[in-house]
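Please keep the sequence and the structure in view while reading.

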Amino acid sequence: MNQLKKLKRSKQVAEILVKYGLDELFDRAHIKHWLPDAISTKLSTRKHWQSHSLYERIRMAVEELGTTYIKLGQILSNRTDILPAQMIAELQKLQDKVEVQPIDVAKKISEELNIQASDFFDEIDNTPIASASIGQVFKARLKNGQEVVLKIKREGIDEAIEADLLIIKDLAGFLEKHGETFKKIRLGRLLATFEKSLNEELSLNHERDNIELFARNFRQDSRIVVPKVYTELSNNHILCMDFIHGVKVDDKHQLIQMGFHTQDIAVLGLDLYMKQVLEHGFFHADPHPGNIFVTAEGKMAFIDLGAMGILLPPEREQFENFILYAMQKNVKKVMDTVKLIAQDDEIINEQLLEKDLYELMYLLDGNHLSNLCLADVLEQIRQIFNHNHITLPQSYYLLIKGFIQIEGIGRHLYPDINVFNILQPYGKQILARRLSPKMLIEKGFDKFVNTSESWLGLPEDIKTFLYKLQHKDFRLEHTVEGLPQIHKTLERLVLAMIASSLFIGSSILVLANMPPKIYDTPVLGLIGFICAGILSLFILLGRK
């Protein structure tokens, strides 16, 4: 990065901060005395902004600072654990105000892809149908008549964001060094996560990979449509994909005119989003109405997949545990799961956390679920975490935000929607999957591998001792009266334990209602009951 460009951008940032009179911000952070006199003096002279609150001025300054700062503000708008409610409210108003950047699309395609655009396209419109801070979207038609969209990155956006990130990191280092509050919230780690997310969103290759993975996840679900990406007409600066004909998901009037029942669309949207989270662990990070369309066939399309939330397999398992234990009202297990999920926890009073969780369970149990709003429940969960100084990984904040957004759309289309009815089958699926023979075998194999690794890690002298013991090099000789009777009793005890385990396991399988079935009874559960019965008969008859 050219240091001159960084200095020039730093000057612009400083001027915007001065323009909005943000001296109060530096006062509250107790760092104003660390600033150079020239800046401190300018800040103190800006008093004409006092008709606006500090948080309003921060939001206006962030909007004028542009892309990087707006994206950072949008991420921080989810962090009620580190920012006051008034600032959260202002950050949620942030708008990506950008002007159209004139561009000769055909020329850009030829330069980027080293092809003649006219060889592949019949028509290209140079007027964007959408314009955002990172890229603009243009409509075109291929030679075969297929309508497509071309997402093209803005000129100079990579360099501008790189300069802003350097400035923000320098500022974060300064704030962490001189402000105890910023050190406590681990500002540096938060920015590292933000930088990774922003760089991924900047990469159109990354967005292409996201679209292809999303399409694979839903390849057997006819309710959703994912645009085809034309790899040969795409690179890191241009993304070519099918044009999706449809209406915005929150356009009730248009949906009704198309012959749809809005409650069906609401349920479909929520179900597809829960499937993204609970089945695939790969979900849209910003499912607002402008990013979801409904086609004439009643299919749903999620667009703008540059930013996606990801739950890795261990994270998804922990999230599933949280859901299962919450459904079972098992507060102790919920607490253990929360500690595993947490990126940081400074739980001062575990009894207070337990009390908060019991109050949440009472809310879920004491009210009819149809009267509950998922957003309210999620907000209470978030407050519990904040109250107990528990910091979640960024993916969970995206998850909470996404659920709140998608439920908001659902309630707009169908005010009486019961989100928990839609969530309930997924809880049953989680339980059934965990009790499936395949999962049990996989878990058993994992334990076997872990045991093998533990054996390999034992000191040599212990290994030698166990080896000799196994091969009867150590002998202990003694006589016990009535040994045959003891053997017989032990054998019956082992059989009784096996029979009990089979009976319990079979009961769980039957309750889980797992296929395949005979006369509406799960086959595996039936086989287990038969085996348990035979073993019980052997025990009662006194046989081996």
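Is L398 buried or exposed? With a relative accessible area of 16%, L398 is buried, a term that means under 20% relative accessible area, whereas exposed means over 50% and partly exposed lies in between (1.4 Å probe, protein chains only). The model is a predicted one, in which local features need pLDDT of at least 70 and side-chain atom pairs count only at pLDDT 80 or more, while totals for chains, interfaces and linings use all residues. Residues are numbered from 1 along each chain as its sequence is written, and side-chain values use heavy atoms, with hydrogens and water left out.

L398 belongs to helix α18. When residues up to four places away in sequence are not counted, L398 touches F283, A285 and G309; contact here means heavy atoms within 4.5 Å.

The chain as a whole may now be considered. Its secondary structure comes to 23 helices and 14 strands, where helices (H or I, at least four residues) and strands (E, at least two) are DSSP runs numbered from the N terminus. Of its 544 residues, 42% count as buried. Among contacts between residues at least 6 apart in sequence, 67% join residues at least 24 apart. The accessible surface of the chain comes to about 30,500 Å², and 57% of it belongs to carbon and sulfur atoms; such areas come from the Shrake-Rupley method with a 1.4 Å probe, and for residues only the protein chains shown count as cover.

Helix pairs come next. Two packed helices are described by the angle between their axes and the distance between the axes. Axes are lines fitted to C-alpha atoms, for helices over the stretch in contact, and angles run from 0 to 180 degrees between N-to-C directions.

Helix α18 (residues 394-413) packs with helix α13 (residues 262-280) at an angle of about 165°, with the axes 8 Å apart. The two helices are therefore roughly antiparallel to each other; angles over 145 degrees count as roughly antiparallel, under 35 as roughly parallel, 65 to 115 as roughly perpendicular and the rest as oblique. On the α13 side the contact is made by T262, Q263, I265, A266, G269, L270, Y273, M274 and V277, and on the α18 side by L399, G402, F403, I406, E407, G410 and L413. By class, this contact has 10 nonpolar, five polar and one charged residues. In this scheme Ala, Val, Leu, Ile, Met, Phe, Trp, Tyr, Cys and Pro count as nonpolar, Asp, Glu, Lys and Arg as charged, and the others, Gly among them, as polar.

Helices α14 (residues 313-327) and α15 (residues 331-341) pack at an angle of about 160°, with their axes 9 Å apart. That angle makes α14 roughly antiparallel to α15, and the crossing is left-handed. Q318, F319, N321, F322, Y325 and A326 of α14 meet K333, V334, T337, V338, L340 and I341 of α15. The contact has eight nonpolar, three polar and one charged residues. K333 in α15 is partly exposed, with a relative accessible area of 38%. K333 and F322 are 11 residues apart in sequence and 8.0 Å apart in space, C-alpha to C-alpha.

The axes of helix α4 (residues 54-65) and helix α5 (residues 67-76) come within 6 Å and cross at roughly 135°. That makes α4 oblique to α5. V62, E63 and L65 of α4 make the contact with T67, Y69 and I70 of α5, and these residues divide into four nonpolar, one polar and one charged.

Most residues other than glycine have a negative phi, and most peptide bonds are trans. N114, although not a glycine, has a positive phi of about 55°. This residue is in the loop between α7 (105-113) and β1 (121-124), and at 71% relative accessibility N114 counts as exposed. D304 also has a positive phi, near 60°. D304 lies in the loop between β9 (300-302) and β10 (308-310) and, at 37% relative accessibility, counts as partly exposed.

Technical notes. A crossing is left-handed if the near helix is turned anticlockwise from the far one by less than a right angle, and right-handed if clockwise.
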